[in-house]
Amino acid sequence: MFSLTFGFVCNYSIKAQQEAQFSNFVANAIFYNPAVVGGKDCFELKSGYRNQWIGIEGAPRTTFLSFSSSIINPKQLFSSSHVGLGGYFQDESFGSFKKTTFNLSYSYSFLVKPKVAFAFGVHAGIQQLGLDAGNLYLFQRNDPIIEGSRKILLLPDGGIGCFFENNDWYIGYSLKNMLMNNWQNLILSEDSYLNIHHFIIAGKRYYGKKLNFVPNFLVKHVVGSVPAADINFNFEYKNLLNFGVSYRNFDTFSALFHLNILDHLNLYYAYDITTSRVQKMGSNTHEFILSYKNCPNRIKGPSTCPLFY
């Protein structure tokens, strides 16, 4: 995220990860792929906060609020096709830059074979981009970036995704920032724009006598940059408690925790231990997600797709 800020300020063209990242990506899958909207056959409301690299001035801070609902609630998970609707609001700041996003999502799911469903989803909305040059240390007082100080841009946003799911596994692919919004009017550079992001998310459940083992992975890629991969290893206990560890290549080890309270409230927590050079500049990262869900027709127990536990 700091490379992104530095690239914008210096008017260089960069191709790097420009989206917020979440260690508990399974809990916030709607951020990555609109096709998962409504997949739980529930109404679900989630809120989260990520405080990254504590102790570093201008480090990324992310807050989000989302909802997801299935319009048609079949009596059984794989009994028929259904439509999902959702929304996602996110506010993130990094250095002097701020981005606020609001999207509405639509998904359509149907069976492709017994107990295997396929979903296609789209999201569309707006992005608000802002810059406060008053917080920057500039070498030149007449730097053109000052012209964009305290300006606000409203730009369209869109993405697509697809998703396969079964009782025991899932896999999805999605694209974000498909409109490749340009920051030119903000910092007077044609090279500063948002790149298309590719995401692949997948996971599988292995059943045990008392604990189920659920590995998940998320691959994030922007053309011209090194792919980033998150791999987590979760353990489920009686659909009440989930815990595990996660690794992000070249950057982070994480401890993950998920508590299911009365099948309606869910608390997710992740603590990241930074392993890259950033660790010398500051501390680690805290991530909290709280959700409320109501699933009157959902089949309870571990038969649910691993993404929707």
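## The second largest cavity

The second largest cavity has a volume of about 140 Å³; on a 1 Å grid over the protein atoms alone, a cavity is a set of points where a 1.4 Å probe fits but cannot get out, and lining residues have an atom within 4 Å of a point. Grid points are joined across faces, edges and corners, and the volume is the space filled by probe spheres set on the points. Of the 16 residues that line this second largest cavity, Phe31, Tyr88, Thr101, Asn103 and Lys176 are the closest to its centre. Two or more lining residues come from each of α2, β3 (82–94), β4 (97–113) and β5 (116–131), where helices (H or I, at least four residues) and strands (E, at least two) are DSSP runs numbered from the N terminus. The most is given by β4, with 4 residues.

By residue class, the lining of the second largest cavity comprises 4 nonpolar, 7 polar and 5 charged residues, with Ala, Val, Leu, Ile, Met, Phe, Trp, Tyr, Cys and Pro counted as nonpolar, Asp, Glu, Lys and Arg as charged, and the others, Gly among them, as polar.

## Basis of the model

The model is predicted, so that local features need pLDDT of at least 70 and side-chain atom pairs count only at pLDDT 80 or more, while totals for chains, interfaces and linings use all residues. Residues are numbered from 1 along each chain as its sequence is written, and side-chain values use heavy atoms, with hydrogens and water left out.

## The largest cavity

At least two lining residues are supplied by each of α2 (29–32), β1 (43–51) and β2 (61–70), and β2 gives the most, with 3 residues. The lining of the largest cavity divides into 10 nonpolar, 4 polar and 3 charged residues.

## The nonpolar core

The largest nonpolar core has 24 residues, among which Phe22, Tyr32, Phe163, Tyr170 and Leu307 touch the most other members; such a core is a set of buried Ala, Val, Leu, Ile, Met, Phe, Trp, Tyr and Cys residues joined through side-chain atoms within 4.5 Å. Both α2 and β8 (197–204) supply at least two residues of this core, and the largest share, 4 residues, comes from α2.

## Strand pairing

Strands β3 and β4 pair in the antiparallel sense over 13 bridges, pairing being assigned if DSSP finds at least two bridges between two strands. These strands form a hairpin with 2 residues between them, and glycine 95 in the turn has a positive phi of about 65°. Antiparallel pairing over 16 bridges also joins β4 and β5, in a hairpin with 2 residues between the strands and a positive phi of about 65° at lysine 115 in the turn.

## Individual buried residues

Tryptophan 53, in the loop between β1 and β2, has a positive phi near 55° and counts as buried because its relative accessibility is 8%, buried meaning under 20% relative accessible area (1.4 Å probe, protein chains only). Asparagine 177, in the loop between β7 (169–176) and α3 (184–187), likewise has a positive phi, of about 60°, and is buried at 3% relative accessibility.

Histidine 258 belongs to strand β12 (residues 252–261) and is buried at 5% relative accessibility. Its side chain is joined to that of asparagine 266 by a polar contact of 2.6 Å, a polar contact being a pair of N or O atoms within 3.5 Å, of which, within protein, one must be able to donate a hydrogen and the other to accept it, while residues adjacent in sequence count only if both atoms are side-chain atoms.

Note on methods:
On a 1 Å grid over the protein atoms alone, a cavity is a set of points where a 1.4 Å probe fits but cannot get out, and a pocket is an open set with protein on both sides within 12 Å along at least five of seven lines; lining residues have an atom within 4 Å of a point. Buried means under 20% relative accessible area, exposed over 50%, partly exposed in between (1.4 Å probe, protein chains only).
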